[in-house]
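Let us walk through this model, from its overall layout to its core and then to one helix.

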Amino acid sequence: MKLKDLLDTARDHLSELTEVPEPDFRLEQAVFQEEEDLWDVVVSFLVIRHALQQNKVAANGGGSFFLPEYERVYKRLKIDSNQQVQGFYLFNAR
C-alpha cells in the first residue's frame, strides 16, 4: 500500500471529526506491523479551538495575547491491506 493510500483512508474516516473548511490532514508516521498485517499510522489535522480552551489559557497566563482559532490534533489508526480501519486510538506523543 502506498503512503498516499494510507492518508486518504485516514482522511475519509477522520474528516467528520473536524469542522475546519481546510483541515490540512498530514501523515505523520506509518509503520507496517508484519505480525498483525496492519499499518500503524499517526495522522494530524486541524480542529477548531473552543472558547473554553481559550479561556483556560488566558486565565493561566493573565496577559493579552493572540491564540490561534485552530489547533492541530493527532490520531493513531490501524489500517489493514483492504484500506479498512481496524483500530482508532488516542495518540500521546510522550
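Reading from the N terminus, the protein chain runs α-β-β-α-β-β. That makes two helices and four strands, taken as DSSP runs numbered from the N terminus (helices H or I, at least four residues; strands E, at least two). The model is predicted: local features need pLDDT of at least 70, side-chain atom pairs count only at pLDDT 80 or more, and totals for chains, interfaces and linings use all residues. Residues are numbered from 1 along each chain as its sequence is written, and side-chain values use heavy atoms, without hydrogens or water.

Of the 94 residues, 30% count as buried. Buried means under 20% relative accessible area, exposed over 50%, partly exposed in between (1.4 Å probe, protein chains only).

The largest nonpolar core holds 13 residues. Such a core is a set of buried Ala, Val, Leu, Ile, Met, Phe, Trp, Tyr and Cys residues joined through side-chain atoms within 4.5 Å. Among those with the most contacts inside this core are Leu14, Phe25 and Phe45. Two or more residues each come from α1 (3-14), β2 (38-48) and β3 (70-80). β2 gives the largest share, five residues.

Turn to α1. Its buried residues are Leu6, Leu7, Thr9, Ala10 and Leu14. The face turned away from the buried side carries exposed Lys4 and Asp12.
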